[in-house]
Amino acid sequence: MSEVRDRKDALLEAGLALASELSLPMVLQRIVDLAAEVTDARYGALGVIGAGGGLVDFITTGISAKQRSAIGALPHGRGLLGLLIREPRIVRVREIAKHARTVGFPPNHPPMTSFLGAPVQAIGRIYGNIYLTDKRSAPEFSEEDERSLLILATQAGVAIANASLYQESLQRQRWLDALRQISGQILEGVDPDSLLTSIAEHARELAGADAASILTTTASPGRLEVVAAVGAYAPQVRNQSVPAKKSISGVVIETGKALHTDDASTHARGYQPVIRLGHVGPAIFMPLRVRGRATGTLMVANLKGGRVFDEVTIRLVETFADQASVAIEYSRAQEDVKRVGLMEERERIARELHDGIIQSLFAVGMGLQGAALLAGSPETAGRIEGAVDELDRVIRDLRNYIFGLRPGILADRQLDQALRELGDDLQKRSGSRVEVEVDAALAAGLSSRSHQIVQLTREALSNVARHAAANQSVVRLAREGRYAVLTIEDDGVGFDVGGGSAGNGLRNMRERAEAMGGAMIVTSAAKKGTTLRMSFPI
């Protein structure tokens, strides 16, 4: 009678203990510990069943961390474990080895004899099963143990439902906090790279994942690039190039549909060089849409052999990815507004220079020319004509500055068309042959910097026309890895690069290239032509 009362007291205490705990991982561990305590089992486990019907988590008691590690991966749900998954009812066995469904134990597994198992129902579905083995005080579990386990399983279902709802409310609060932080970053004008990194970090934290990354399309057709990566192996995968047609991200961008896998390393479309580099196992891939079109993916992942993502996490990441897409689109729209404002300001300054200062200089020049005609001596007339020539030079320089401020040649042309126009113009003026080779896809992707590229090319070709005496020149814009490379070559007279003959033009071009985050290398020698190579990150 005392034993029955003790057991009832233990079950009552177990119910109170489970009801007071709101952390789902803690609830699951308490369930296993209490089940083993109430039934006097040496070993206990709670297998969590995923949406596909397999085990996605396995919480144990009575087994040390070292033993658990030696056993290896999660059980596959065969044998008696599989019986409870397929037929959710209580099962009691005196000797595991003699049961018809037994398939044996994996290597390094401790020996077990008696068995007792029961399903746990939570949130309207079979959440998992409690497994108990090796009753300490008897050869097998009793009918009283069965009844106790059924009561505990019912209590466990209620506790899991409560903890899951609490966990869901916490997740939603974290989701709202993440969106608020991202919105704040947009309003503060955070640069796009930092924004993408922040989005990836929030997604990783929300999913409880080991890593997260964002891939986007690039100027090179068919290629994607990892533009943001956080968590495990982030430095190794960041800035990696991925072929769209041979990757999961490419499929997601093409279809605009989310994709999740229990192991990306075995997926048919997993791009193995990067998947292996990041040790990617279970993963979720979500499309990032800008103006209705998928232009990237958000991936959250656990390391190979890690926890498989459940449906709640997948839905949460999907919702967050949609909101993150809005944030990215808004950020890009803000960049466009800034760019338009800058162009309008440049246009205003150019108009002021042209309509005000240049016209004033013309008037001064004409007055000086009139004074030269009235000058009493050839020497005075010569000085005045020299001043007029200097004014002409200043006017030419101002016109160059105006070209630099106005879209000019880019007003109704794409970048590749503008570069060809510059080549044609030099060919007409100098009579030398000019070849223009442009990667059109790359040029389209550089539209935000086309103005600087045109200015670099114009200044370089101007130098060729004035100093090189070349028979042939080549203008080339090509992609080399993550860099765009603008090359201007000529077969002219060349010069000694280290001899101090370089003027302001080369210095201006070098400074302009550096302002774009790149560099310029000049190669030349007397009678061997000149090559200007300007590279800058895409």
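**View 1. R476 stands opposite T487 in β14.** Strand β13 (residues 472-480) pairs with strand β14 (residues 483-490) over 8 bridges, in the antiparallel sense. Pairing requires at least two DSSP bridges between two strands. Helices (H or I, at least four residues) and strands (E, at least two) are DSSP runs, numbered from the N terminus. This is a predicted model: local features need pLDDT of at least 70, side-chain atom pairs count only at pLDDT 80 or more, and totals for chains, interfaces and linings use all residues. Residues are numbered from 1 along each chain as its sequence is written, and side-chain values use heavy atoms, leaving out hydrogens and water.

**View 2. An open sheet is formed by 5 strands.** Their order is β12-β13-β14-β16-β15, with mixed pairing. β12 (433-438) and β15 (519-524) are the edge strands, each pairing on one side only.

**View 3. Helix α14 lies across β13, β14 and β16 (530-537).** α14 runs at about 15 degrees to β14. Angles run from 0 to 180 degrees between N-to-C directions, and axes are lines fitted to C-alpha atoms, for helices over the stretch in contact.

**View 4. Helix α12 (residues 415-430) packs with helix α14 (residues 450-468).** Their angle is about 15 degrees, and their axes are 10 Å apart. The two helices, α12 and α14, are therefore roughly parallel; angles under 35 degrees count as such. Contact means heavy atoms within 4.5 Å. L415, A418, L419, L422, G423, L426 and R429 in α12 meet S450, I453, V454, T457, R458, L461, V464 and A465 in α14.

Technical notes: Parallel < 35°, antiparallel > 145°, perpendicular 65-115°, else oblique.
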